[in-house]
Every structure is written in structure tokens, then in C-alpha cells.
Amino acid sequence: VLGLVFAFSQGGGSKSGGNNGVFKTLDILGNEFSNTMEDFMPDLGIKDFNEKIQKDGTYSTNIKLAGDVKPAGKIEFGIDMKSDPNGKKMQMQFDVGAIGAALNMTVTAINNEMFLNVPTMYEKPIKINFETLGKDIQSDTFKKLSGNADNSAVEKYKDLKINLFSDYSNPSKMKAEFEKHVGPEIAALEKNAKVEKVDVEKAFADKLKEEGSTKADLEQVNIEADSKDFKAVLLKIVDFYEVVQKSQISGLQDEDYQNSFKKVKEDIEKSKMPEKINIKLVSSKGIPVVISFPGTDNRIANIVLAGNKNVTDKIVFYETEGSSYLEAITLDMKTGDKENTLVIAFANTVELSSSYKKDSKELTMNLKDNVSEVFNLKGKYTDVKKGESYKLDIESLEFSQGSGSPLKLSGTAEASASKPDIKAVGDSIEVLKLNETEFVKFTQDVNTNLVKNYGALMSMMNSMR
């Protein structure tokens, strides 16, 4: 929503009706924030890394943690995720071990087929074909499972198909289609808005200076937008996500998926807004540094971008009520000769502090509330291929547990923007195509394996209730 007003720092609101202002300015601010994170950890190439992922959605990430937990003893946890939307492949693996038991679960999606592989539950991966899902659930076996002899409960889903990898799975395509879909309404909002250039208010200039900004050449515009144009943009955004859902799911009766979107649209149309929405925008050389707009309970909400190298190096959000300043949220990134720091603070609630040592690539993070420390992390980046991949060796990750001993873990976290290797799944069992005899045997085998592999664990957990 705030993105709509950013347009006017780039010439939006002109009578030309062009809608490039909103998206251009959002890109500018996104780029500023990417630069902030790049400057915080300059060795990783976070900006290039994120741009590669945002281009086609291809990435992989792996986290492994282990530690001693009282009274359970040693616990191990792992999660591995791989994404390749262009290749129509995705995989997630989850591992956990505790109290003498282990669970390994892998979900793999290739084209429109999904496989669930849990070796301790069943010897083969369990397959569901989402291309034939509606047809498959019309089987006699599924009819009996539904508890409805004439299958009326599932008959209306006979044409159901789910597209796991629609065109919108690709982030860059999603962004382009969003801009195309919503663009005309944003253009109308900009064209119809009343924009007045005024002297920069002293309160804004003073606040920027107070927060350490040295930005010069400040300019202010006051914007008056019609709420009906604003609502039109919101309605078109909802409409876009309805289009996205239709590309992913077909064969449903309209009321099955349209009702939720219809309710949201009705809420937008009925929402009480002032006839005119007034926004104040201060910019420096085309980049927003102050945005002031209507907040809650007749307050005024303000966003101050007070960074100097990048405006997003320091962000302050606060509300004003008359001459009173209300609780603020602050993000503050500072660079030093040997160490960079990043602090995100919610007034009188929580504070997240991070530091990065340039020579050793060590990272520390600390989250605390106004009473005690919530968690603490110490680690070091290794195997860094700038802009491509990196590994964080986690020396310690501690979570507070009130008056008890903290939960202490260690391990690794890895990420890569390269195309992951997702192999085809071998022999599998397609449960929705089993006849009744085959399905009964399948459920019996699953139950037998669960008792064999997790019976002792379930008994122990029941005894602890």
C-alpha cells in the first residue's frame, strides 16, 4: 500500500497517466535495502545472490542442528529444500532424531506428480498425480472412504486438477504479470491525484537531522488521492491473486474458490475511508526520505529513511498524535573498520542485534525482550562463493527456556543460488489408484511399521502425560 505513494517521488501523479512511478520507486527502495544488507555482510554478495533467486526461483538451502536437551538427551534436526520452478521440480527433506527414534521424510514434486517418502512408514514413496486428482478420487475405494455410497461428496471434484508449477511459480514472471495487471489502476490513481509542491515542514527536516541524516536538496509534495481510486487498486490486487489461483487449480466449481476472494473484495468496498487520503512525501534527489500518511485511531504514521550512504541504513517508523511521539520501530545498520552492526528495535518490547566481523566473517545475533535474552547465535561463514553460495558454521545457538537451562544447539546452515540436483523418484505406490484389497494391505503395512519404529517413543510420550 505504501508503494502507491512512493510513485510521486519519481514524477508520479502527472497528467500523463504513466504508471512507471510506483514500480520504479519500489525498485529504487528495494535496491537501497539490498545495498544495506550488502554493506552489512560484504563478503557474501547477498545482492547478487538474491537477484539470482528472484529471477527464476532456483535455490537450495540446508540446515543441520544438534544438541543435548534435558531430559530427552541428544536431539538432531535437519531440513533440506531445493527449488527449480523452470524445471518443474521441488524437493523438501526433513530429518529429526530424538529419544532413540529417527524420522526421515522427503517430499518431491516433479511436473504435477508429488511423492512422499518416509522409509520408516512405508517401503516405497507414496505418489499422487495432481493432473488426474479429480478423476482418481472418484474410485470405488475412495468412495467407501468418503463414507458416502453415491459419492456425492466428491462427485463435484471429478474435473479437479492442480498445477504445481504454473507460470506464476517463476518470481520474475509473477512480478511482470502483477505490474501489467494492476498497472492501469495505479496509473488512474496517479493521474487523478492532486499533487502540490510545498516548503519542507520543519518537523520533518528536524526529525531527519535528529536521526543523523545529512541529506540535502529536500523537496516535499502533499498528495491528495481519491479513496475510490485507492480502493480500485486494492480490488485489482485481489483480482490478480484470484487469477494466480485459477492458474494453479482448475475443475472446481466457482463457489469453492471464489467465495474467499469475494469476501475480501466486499470488505474493501465496505471499508470506511475518508473521501480523500492525504499523504506527505519528502524526497532527496528522487529518493523518498520521509513518508507521512493516515495511521490508526486518527494518528499520523511516519516513516523516516535517515541513512546517508543508503537511505535504508536507518529506518524509523513512529506515529504522532498531536505533538506527541508514540512508540517507534527502528532499523539501524552501521559500518566500521573491522565490524558492522545491525539493530532492529521495537520500543519497549524486543531488540534484535547482529554484528559481522569483516576479517573472520564471524556473525553474532542476539534477541532480547525487556526482561531477558530470548536467543543467541554465534557462527562463522565458510566456503563462500560470493553471490553464489555460502555456508554458516554455527558454533552455538541458544534458546532461553525461562527458569530452566537454555536449549543449546550447534550445526551448519548452507544456501546456494545454483540449479539444484533433484533426481527422479524410482518405484512408488499410487495410493489413489489402489483397489480396496490393495488399500487395506497398504494401511496395515503402514500401521505395522509405525508401531515397530515408533511404538516405544509413543508409549514413553503417553506415560509422560
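Select Phe 40, Phe 49, Tyr 356, Tyr 381 and Tyr 390: ring pairs link them into a cluster. Rings of Phe, Tyr and Trp (its six-membered ring) pair if their centres lie within 6.5 Å; planes under 30 degrees apart count as stacked, over 60 as edge-to-face and the rest as tilted. This is a predicted model, in which local features need pLDDT of at least 70, side-chain atom pairs count only at pLDDT 80 or more, and totals for chains, interfaces and linings use all residues. Residues are numbered from 1 along each chain as its sequence is written, and side-chain values use heavy atoms, with hydrogens and water left out.

By the ring rule there are 11 aromatic pairs. Zoom in on Phe 40 and Tyr 356, a tilted pair at 6.4 Å centre to centre with 55° between the planes. Phe 40 lies in helix α2 (residues 20-40) and Tyr 356 in strand β18, so the pair ties together parts that are 316 residues apart in sequence. Helices (H or I, at least four residues) and strands (E, at least two) are DSSP runs, numbered from the N terminus. Phe 40 is buried, with a relative accessible area of 3%, and Tyr 356 is buried at 0%. Buried means under 20% relative accessible area, exposed over 50%, partly exposed in between (1.4 Å probe, protein chains only).

Finish at Val 350, in strand β18 (residues 350-357). Val 350 is partly exposed, with a relative accessible area of 31%.
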